[in-house]
Amino acid sequence: MAKVRSKPSVEKFARGVSAQTTESVRSASVSKTDARIPALKDAFADLSTARNQAAQIKDYVLDNISNLLVQLEMKCRLNGIQVHWARDAASARDIILNLCKEAAPSGGTIVKAKSMASEEIHLNHHLIEAGYKVVETDLGEYVIQIDNDTPSHIVTPIIHKSKRQVAKSFEREGLGPYTESPEELAAQARRHLRARFQEAAIGISGVNFAIAESGRIVLVENEGNNRLSTTAPDTHIAIMGLEKILPSEADLPLFLRLLAGSATGQALTVYTHLISGPRRKDEVDGPKSVHLVILDNGRAKILNGPYREILRCIRCGACLNVCPVYRQVSGHAYQHVYSGPLGAVLAPALEGIEALPDLAKASSLCGACEEVCPVKIPIPRMLLQLRDEAVRKGVLKEDIPWSMYSFGATSGFRWRMGLKMLPMAKAAKHPMKDGWTEFRELPTKEGRDFRKWWNGRS
Amino acid sequence: MADRDDIFADLPPAGRKARIPLPPPPLPGYTADALWKLFAVKLEALNGRVLGIDELDLILSRPYFLDHDAAAHLGRAPGGVPIWEAEVGVTSADLAIAETGTVLLSTGPGKPRLASLTPVMHVVIIPREKIVATLAEAFSRLSDRTTVLITGPSRTADIEGVLVRGVHGPREIVVVPV
């Protein structure tokens, strides 16, 4: 039998989250959720149809993934984009390190645009150990890096931090004097990172969409750091999960507007970058070589199993923003780079239920995640399926109170005895009721007894 | 290549489901003038501006870089200060997209990518007739060059959700139909 994990459970972790963090995460999540609907209503006459279309297109991609990957590979090569395949995280790290050694044998600066795939394979650590100076250039990711922290949201990585914390970190790193103005903090980061873009020989990015028909890499962002990272250095390395394909550019308007609206309530992100390959002879700037690393790392396995629809995900973060559990505990509680309802399915699906057995419990199954999902992923159904799988494999134990409840509730006699004992439970100091009475009072039985009335009625 | 073979061995066989076609984009049927009005509303909501060609003198008194096509429209010499030092980047664009207030720029001879990115102000020169209603129309006219769609000034809300403009790219964007 698989070993039961000894890491702290989500629930235990959640108890340690500070009130300040919860408030930061909750208020940012609420405002993003509020901005979502007006943006999407403005973009689509019929939002429900748009979501259905997007889900169908992603299902088509998943159904035909091997053909589309072959097509993408061929078209990328025609465009001069070099394609590399990585079975797992270790293989992806080695491929990227070798590309870096080719491009900059004596080390140097690598500028990085935000990429969840690179977080997934823990790329930075590997490159830093090999002697490279890796600099995250997205404002939030930069703060995460200098604080030795990890992102707590897939779109807004420092959702758990206040401006005072950011200001202290910037002051410590010598970016400028302490200030609580977000405007001035952003200006400090702009000045500091500008020099990094100019000195870097290599830029590393993720991929939002890869177009099979045209062999183009599509990147979306708001800050401009992603464009700088993929334009200024001589070498651009992009890494994508193999499911990030769209069949054609005609599919982009739908997905770009769903993504921007669901993620941040925008009509469109500020920059949508469609990369057709390296700099051509008649062009004056842009990278001289472009590499695309296509990552499996468990995805092929997911495609053949019950959690296949999670690979429709376009990483908008709407399910995180709307989730009552995420809002309360924040992203770090999920103990994986992918957090929130998406992460609660994707993380154990990628790594195996044995590695992360209790993530599926980090949900109230309220269904809000499925409601907001732009590609209609049935997250609650998959969370139930994961719980079932975890219990069947013996890696997740039912809580004692629930086992006792089910023991009591499955026999009439035991249920009646239990009801009689309930008033005593209120008085007793009992471990069973701790979770409940931390925030609430147990109800006092009032009025007459239903069973007595029922039995005595004539 | 061993990785490639392993991955393909694990992928499910191709499905037989047919591709569901996207609905055709709505027919435009708008005049360029009407589309420019909508464009201005959308861009101004993002804190961008639409200006006339005769309103650029003050802007061009700052150190600028001018790309080839924009220079031809303005009747000035292309170039200027090095791009990384320019305060204003003046570029041409292929298309304006009314529904989102977006401009579409492709790369090519005399059109450096960084000119629209490193200066604090980006001025975009577009021929009046080069406007479409929807993103779908714009994507049906893409060239095979690396292309960028720009929708408003560079922004971030990473710090406490407060909107800050000009974090890495331009703080201001000005679109000039000619």
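**View 1. Hairpin S5-S6 of chain A.** Strands S5(A) and S6(A) make a hairpin in which four residues lie between them, and A:Gly215 in the turn has a positive phi of about 65 degrees. This is a predicted model: local features need pLDDT of at least 70, side-chain atom pairs count only at pLDDT 80 or more, and totals for chains, interfaces and linings use all residues. Residues are numbered from 1 along each chain as its sequence is written, while chains are lettered from A and ligands numbered from 1 in the order in which they are written. Helices (H or I, at least four residues) and strands (E, at least two) are DSSP runs, numbered from the N terminus. S5(A) and S6(A) run antiparallel and are joined by three bridges; two strands count as paired if DSSP finds at least two bridges between them. A:Ile211 has A:Arg216 in S6(A) as its bridge partner.

**View 2. Strand S6 of chain A and its cover.** Six of the six residues of S6(A) are buried, and the strand is mostly covered. A residue is buried if 20 or more other C-beta atoms lie within 10 Å of its own, exposed if 12 or fewer, and partly exposed in between, with C-beta atoms placed from the backbone. A:Arg216, A:Val218 and A:Val220 point one way from the strand, whereas A:Ile217, A:Leu219 and A:Glu221 point the other way. Strand S6 (residues 216-221) of chain A is also joined to S9(A) by five bridges, and the two run antiparallel. Along this pairing, A:Val218 stands opposite A:Leu274, and A:Val220 stands opposite A:Thr272. Helix H12 (residues 252-264) of chain A lies across strand S5 (209-211), S6, S8 and S9 of chain A, at about 25 degrees to S6(A). Contact here means that the C-beta atoms of two residues, placed from the backbone, lie within 7 Å. Axes are lines fitted to C-alpha atoms, for helices over the stretch in contact, and angles run from 0 to 180 degrees between N-to-C directions.

View 3. Strand S9 (residues 271-275) of chain A and strand S9 (residues 147-150) of chain B run antiparallel and are joined by four bridges. A:Thr272 stands opposite B:Leu149 in S9(B). The open sheet has eight strands with mixed pairing, in the order S8(A)-S5(A)-S6(A)-S9(A)-S9(B)-S6(B)-S5(B)-S8(B). Its edge strands, each pairing on one side only, are strand S8 (245-246) of chain A and strand S8 (131-132) of chain B.

**View 4. The contact between the chains.** Chain A contributes 64 residues to the contact and chain B contributes 49 residues. On the side of chain A that touches chain B, helix H10 (residues 182-199) of chain A gives the most, with eight residues. By class, that side of chain A has 29 nonpolar, 21 polar and 14 charged residues. Ala, Val, Leu, Ile, Met, Phe, Trp, Tyr, Cys and Pro count as nonpolar, Asp, Glu, Lys and Arg as charged, and the others, Gly among them, as polar.

**View 5. The six-stranded sheet of chain A.** This open sheet has parallel pairing and the strand order S1-S10-S7-S4-S2-S3. Strand S1 (81-86) and strand S3 (132-136) of chain A are the edge strands, each pairing on one side only. On average, neighbouring strands of the sheet are turned by 20 degrees against each other, direction ignored. Strand S7 (residues 235-241) and strand S10 (residues 289-295) of chain A pair in the parallel sense over seven bridges, with A:Val293 in S10(A) as the bridge partner of A:Ile239. S2(A) and S3(A) are parallel over five bridges, and A:Gly108 stands opposite A:Tyr132. S2(A) is joined to S4(A) by three bridges, also in the parallel sense, with A:Val111 opposite A:Gly203. Helix H5 (residues 89-103) of chain A lies across S1, strand S2 (108-112), S3, strand S4 (202-205), S7 and S10 of chain A, at about 170 degrees to S10(A).

**View 6. Chain B as a whole.** Chain B has four helices and twelve strands. Its radius of gyration, taken over C-alpha atoms, is 20 Å, well over the 16 Å that the globule rule gives for 178 residues, so chain B is more spread out than a compact globule. The globule rule is 2.2 Å times the number of residues to the power 0.38. Along the principal axes, the C-alpha atoms of chain B fill a box of roughly 60 × 45 × 40 Å. Of its 178 residues, 46% count as buried.
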